[in-house]
Each structure stands twice: as structure tokens, then as C-alpha cells.
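Please keep the sequence and the model in view while reading.

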Amino acid sequence: MGLRLYIEGATTEELAAGIAAAEAVFERSGVFYKDAMNGMLAVGLWKMKGFPKDDAPSEDMDGKAGVWYEAERAACDACCAGWPQDKAVRDKALGTGPGEPKAKTANPSTWPERQKLYPAIIERLEAATGPDRQLDIDICYVMGWIKEPGTAQEAEEMGLPYLTGDLAGVAKLAQESLKGWAIEIDQAPCDARLIDPAREGDDDDRSVAAWRHFDGQLYMERPPANTAIALTLAAMRLQADSFLDRSW
């Protein structure tokens, strides 16, 4: 779970600017956003109770609440910059929740079509018997890395990554995209796991595997054909958790 900004009518870019402004406040203050939110909730509950003197939040909690309010104001100001005064949102807009999928923000204009294609790409990865350049370019399209569908020949011409055949290349992409996450690879049978660095409990743990879940449950009958496919599949399952009903 991460920071989310809920402002009706804001574009993806405006929301991203707001989140960046909030994150800057938390970084500058040295207060983790979850601690600041806990402070805000404590102050809010105290207010709801009528400000009883014997139940006032500690000075530490009050200070953390102040950081939350500052971050929220910064987020709203950045998101609504240039908006008419009567449309701009000033508070009660910052919260937490699943982040916008990177596949959506990479190319918002084609997202509705690509979202519909996403489950079929996962199924093709599960059934793949080896490297497949057509599948590589189709993955690049649904991820928003290229603007339109293409052919296997165009994948070569554009120098697109070998997502179904080059483990080192896929691992590099995953490490750049998922900073701090651990990557585990099994060679035989082929499998891959992306492990959430937070792992704060079952509700927050976003860790995912390609074939065998951490509790032993199998996502599909057979393991992936190779390790590159396994890691690509795990990454796409993780991405899909933010916008698809889980079917694995």
C-alpha cells in the first residue's frame, strides 16, 4: 500500500505531482507517512470525542499529525495548481491504497484497450514453450512501453527486450522497477518470486510468484518453460494485482 490522492477531475499527471509533493514533505520531515497518518487518526479521534483533556494525543503524535496535514496541503496545492479557486481541493484528499498501475500511467491513452488484453498475455506466458518474439512485443505493448501493437520482426528492429528468453535482461528491468524488492529464481523446475520488502502481514504483503505460491498453492499446472518467462510472469502477476480480479 502506498500514498494515494483522491481528487475528482485530476489527471494522472496532476495526481502524480501531488503525490510527489507529499512524499517530499515526509522525506524532509523524516517522518514515515504511516506514522504521520497514525498521528492524524489519533488527533481526529480526539476531536470526535470532544477534546477530552485526559485523552489528548501525545506531543509526538500531535507532531506527526502536523506532518500529515502539511503533506496533504502540499499534495493538494501541487495537484490543483492552476485550477479555478472554486474547483481546487485543499484538504481531506490524501490517503493510502494501491498505487496506479505502471502499465496505465506509462501510456494512459491506450490503457482501456491494453487492460482488456492483459489477462490473455498472462495466459500466453503460462502456455509458452520457449522464447517468443511476438509475445515479447505484445507484452511491451500491454505494458505501455510502445504506442501500438507490432510484429516479431518489428521487435527485432526496435531492439525490444527478450522478455521470454533473457533472464539477465528481465532481472535488470525488474530491479530497476521494483527497487528494494528481492528476486528469487528457481532453475528446475523454473519459477520466480518477487518478495515485498515490507511484508508487514498477510493484508499488506504483495509478494508474488510465477508458478508456486509461498503457501504451496500452484498458480498453474506446469511450471514456466524457462526462467525469463517465469520472472516476466511473476512481474506481470504483481502488476495485475492492482487492476484485475485475481484468478490465479
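**Briefing on the chain**

I185 has A192 in β4 as its bridge partner. The model is a predicted one, in which local features require pLDDT of at least 70 and side-chain atom pairs count only at pLDDT 80 or more, while totals for chains, interfaces and linings use all residues. Residues are numbered from 1 along each chain as its sequence is written, and side-chain values use heavy atoms, with hydrogens and water left out.

**Overall composition**

- The secondary structure of the chain consists of nine helices and five strands; helices (H or I, at least four residues) and strands (E, at least two) are DSSP runs, numbered from the N terminus.
- Read from the N terminus, the order of the elements is β-α-α-α-β-α-α-α-α-α-β-β-β-α.
- Along the principal axes, the C-alpha atoms of the chain fill a box of roughly 70 × 45 × 30 Å.
- The chain has 248 residues, of which 40% are buried; buried means under 20% relative accessible area, exposed means over 50%, and partly exposed lies in between, with a 1.4 Å probe and protein chains only.
- Of the contacts between residues at least 6 apart in sequence, 58% join residues at least 24 apart, where contact means heavy atoms within 4.5 Å.

**The sheet and its hairpin**

- An open sheet is formed by three strands in the order β3-β4-β5, with antiparallel pairing; two strands pair if DSSP finds at least two bridges between them.
- β3 (182-187) and β5 (208-209) are the edge strands, each of which pairs on one side only.
- Six bridges link β3 with strand β4 (residues 190-195) in the antiparallel sense, and D186 has D191 in β4 as its bridge partner.
- A hairpin is formed by β3 and β4, with two residues between them.
- P189 is located in the loop between β3 and β4, and a cis peptide bond with omega of about -5° joins A188 and P189.

**Helices beside the sheet**

- Helix α9 (residues 227-240) lies across β3, β4 and β5 and runs at about 35° to β4; axes are lines fitted to C-alpha atoms, for helices over the stretch in contact, and angles run from 0 to 180 degrees between N-to-C directions.
- Helix α8 (residues 167-177) has V170, A171 and A174 as buried residues. They cover an arc of only 100° around the axis, which puts them on the same side of α8; the arc is that of the directions from the helix axis to the C-beta atoms.
- These buried residues of α8 pack against β3 and α9, whereas the face turned away from the buried side carries the exposed residues A168 and K172.

**The packing of α2 and α3**

- Helix α2 (residues 33-48) packs with helix α3 (residues 59-79) at an angle of about 110°, and their axes are 7 Å apart.
- That angle makes α2 roughly perpendicular to α3; angles under 35 degrees count as roughly parallel, over 145 as roughly antiparallel, 65 to 115 as roughly perpendicular and the rest as oblique.
- The residues of α2 in this contact include Y33, M37, M40 and V43, and those of α3 include M61, V67, W68 and Y69.
- By class, the contact of α2 with α3 has 11 nonpolar, two polar and three charged residues; Ala, Val, Leu, Ile, Met, Phe, Trp, Tyr, Cys and Pro count as nonpolar, Asp, Glu, Lys and Arg as charged, and the others, Gly among them, as polar.

**Positive phi values in loops**

- F51 is in the loop between α2 and α3, and its phi is near 60°, a positive value in a residue other than glycine. F51 counts as partly exposed because its relative accessibility is 45%.
- K92 is in the loop between α3 and β2 (94-97), and its phi is near 55°, a positive value in a residue other than glycine. With a relative accessible area of 78%, K92 is exposed.

**Separations in sequence and in space**

- E113 belongs to helix α5 (residues 111-127) and counts as partly exposed at 44% relative accessibility. E113 and V142 are 29 residues apart in sequence and 8.4 Å apart in space, C-alpha to C-alpha.
- Q217 is in the loop between β5 and α9 and counts as partly exposed at 40% relative accessibility. Q217 and T105 are 112 residues apart in sequence and 32 Å apart in space, C-alpha to C-alpha.
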